[in-house]
Amino acid sequence: MGYTITEKILRAHCKGKGVKPGDFIRARVDFCLGNDITAPIAIEEFRKAGAKKVFDRTRIALIPDHFTPAKDMQSANQAKMLRDFAEEHRIEQYYEVGRMGVEHALLPELGLVLPGNLVIGADSHTCTYGALGCFSCGVGSTDLAAAFIKGECWFRIPESIKFIFYGKLKKWVSGKDLILHTIGDIGVDGANYKAMEFCGEAIKKLPMDDRFSMCNMAIEAGAKNGIIEPDASTVKYVKAAIRKNKPKRKGFKMYKSDKDAKYALVKEYDVSKIEPQVALPHLPSNTKPVNKVKNVSIDQVVIGSCTNGRISDLEISAKILKNKRIKQGVRLIVIPATQAIYLEAVKRGFAKTFVEAGGVFSTPSCGPCLGGHLGVLAEGERSIATTNRNFVGRMGHPKSEVYLASPAVAAASAIRGRITHPKEVAK
Amino acid sequence: MKYKGKAHKFGNDVNTDEIIPAQYLHTKDPVELGKHCMENADKNFVKNVKKDDIIVAGRNFGCGSSREHAPISIKASGISCVIAESFARIFYRNAINIGLPIVTARSAPGKIKNMDNLEVNTAKGVIRNISKKEEYKTEVFPAFIEKIIKKGGLLNAIKR
């Protein structure tokens with residue numbers, strides 16, 4: 001019997017016992033991470049357990065990205081816990097404000113997570129790195145504390161669902177639209193406990209930034225991980241990241257699913273039939289084609305986050321907003337996910353475009369995505385956002401609303417002040 | 001273990017932003033987190049909940065973020081045990097890891113009414129509805145998980 005890419009990576013990281021879906025394993029962790037919300041609990045648990053030393057100071061990243069630059073005193077204290085712990089244990093991958101980026105954009109950019117790796121993070125969107133052909137999944141703070149101590153994590157090997165995307169993408173349709181459409185189809189628990197494997201000719205042609213967006217939102221269908229077999233695009237991305245940032249661990253392994261691998265379910269989508277998507281409040285699965293929602297007025301537009309804060313996201317937004325003004329009364333908040341993306345957006349004139357259009361261009365932070373800061377919604381307000389969740393109160397007041405969409409739809413909506421198909425405002 | 005209390009009912013897909021909104025994540029203090037438990041799902045929950053009461057929910061309880069603050073706030077609110085048709089996976093492992101008792105029971109939540117008096121026996125895998133004089137079966141934990149629970153959470157379990 002053949003194995004899926006997820007099963008192969010998990011098997012390669014445990015001592016041979018667990019081989020089939022449903023088996024419990026203790027697996028070796030190649031890399032783990034925590035942020036300013038989750039790591040403080042992990043650090044406290046690490047200390048309470050009486051641990052003195054981390055398993056490997058080069059395989060841990062501490063990234064204060066959620067409530068930073070510190071939004072209040074308590075957040076400052078939490079970020080300080082990461083700084084102090086990093087210093088105490090000489091943890092190499094600690095990123096101070098100024099070098100910090102949104103964790104799931106930053107780590108791939110720095111070549112710290114690689115194909116074939118097993119990565120855990122105390123953040124649900126850790127599943128993003130599956131776009132590189134690694135197994136990566138979100139866990140809790142106590143799991144992270146255990147990984148700090150032992151370099152291991154427990155898993156139940158998941159069944160996989162195979163999603164085959166064929167056909168040619170329509171103009172203005174991105175990876176974000178494919179994943180929103182998929183979640184709309186299978187529901188917010190449609191892949192609970194399972195691996196989502198994305199494949200097919202449309203995925204092979206998909207740029208890496210779009211692949212990250214897709215794997216990023218696997219968790220919104222309840223999945224353990226999202227994953228895409230590595231190919232030439234992956235290798236190009238990874239090699240460039242390694243060349244630029246010279247990480248210590250440079251070796252990687254490319255796994256592919258066997259032809260006779262077993263899947264719990266196989267779904268096929270003709271992408272040429274998929275329109276730009278919008279997920280309505282209050283679930284990411286509540287999706288509709290943008291044309292069915294276009295009379296909805298908005299107060300705020302957020303472009304950024306671990307889902308869509310990468311350079312190609314800013315590029316398409318800037319292309320739509322170039323020489324245009326956003327609608328009076330609408331707030332546009334653009335947040336590049338990392339400092340490198342920020343700098344490139346400045347160099348290429350995107351930052352200027354956003355500011356001239358009447359928007360703000362912010363330092364990297366998770367910020368408004370989780371209602372932290374930099375754009376929290378008031379009672380009754382409505383935002384369209386390129387983020388990943390639209391739960392009740394996600395971006396602020398429990399009586400505010402979040403509509404999820406791609407950067408192109410978000411940028412077009414900023415111009416009209418209502419949810420808009422990009423073709424209405426751009427060619 | 002046995003848990004006895006009144007049921008507090010919730011629907012499907014109760015997410016971690018409803019269980020503990022992000023505005024409170026600048027603290028990890030259980031007492032403070034407990035004060036805001038379930039705030040975006042039912043703002044009167046904390047006022048109504050009594051020690052040892054039981055949350056009863058539908059499918060996919062705890063979906064969304066990995067914040068361990070969610071099971072911590074539930075535990076701190078006085079809730080003794082959570083029954084759901086299914087749990088989101090990160091919430092499931094967080095609850096196991098920190099020792100918040102959770103019970104998966106496919107059909108029971110549909111039969112339990114808000115404020116019913118319940119008794120959950122996790123060893124026997126049975127929920128007794130004292131108000132309605134009914135009994136429901138629960139799923140039992142796999143042996144691997146049971147071991148973590150018996151050792152009192154993940155960090156105790158990994159100690160040699």
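Where is the place of His282(A) in chain A? Select His282(A) and you land in the loop between strand E12 (277–279) and strand E13 (287–289) of chain A. Helices here are DSSP runs of H or I with at least four residues, strands are E runs of at least two, and both are numbered from the N terminus.

Before going on, a word about what is on screen. This is a predicted model, in which local features need pLDDT of at least 70 and side-chain atom pairs count only at pLDDT 80 or more, while totals for chains, interfaces and linings use all residues. Residues are numbered from 1 along each chain as its sequence is written, chains are lettered from A and ligands numbered from 1 in the order in which they are written, and side-chain values use heavy atoms, with hydrogens and water left out.

**Stop 1**

Pro69(A) sits in the loop between strand E3 (60–63) and helix H3 (73–88) of chain A.

**Stop 2: all of chain A**

Zoom out and colour chain A by secondary structure: there are 14 helices and 18 strands to find. Along its principal axes, the C-alpha trace spans about 60 × 50 × 40 Å.

Buried residues make up 64% of the 427 residues in chain A. Buried means under 20% relative accessible area, exposed means over 50%, and partly exposed is in between (1.4 Å probe, protein chains only).

**Stop 3**

Where they touch, domain 1 of chain A brings 37 residues to the contact and domain 2 of chain A brings 38 residues.

**Stop 4: a leucine with positive phi**

Next, select Leu374(A), in the loop between strand E16 (360–361) and strand E17 (382–385) of chain A. Its phi is near 65°, a positive value in a residue other than glycine. Leu374(A) counts as partly exposed because its relative accessibility is 36%.

**Stop 5: over to chain B**

Asn60(B) also has phi near 65°, again positive in a residue other than glycine. Look for Asn60(B) in the loop between strand E2 (54–57) and helix H4 (69–76) of chain B. Is Asn60(B) buried or exposed? At 0% relative accessibility, Asn60(B) counts as buried.

Finish at Phe45(B), in helix H3 (residues 45–48) of chain B. With 1% relative accessibility, Phe45(B) counts as buried. Which residues surround Phe45(B), leaving aside neighbours within four places in sequence? Show His8(B), Phe10(B), Cys37(B), Met38(B), Ile55(B), Ser77(B) and Ile79(B), which are in contact with Phe45(B). Val56(B) is eleven residues along the chain from Phe45(B), and their C-alpha atoms are separated by 13 Å.

Notes
Contact means heavy atoms within 4.5 Å.
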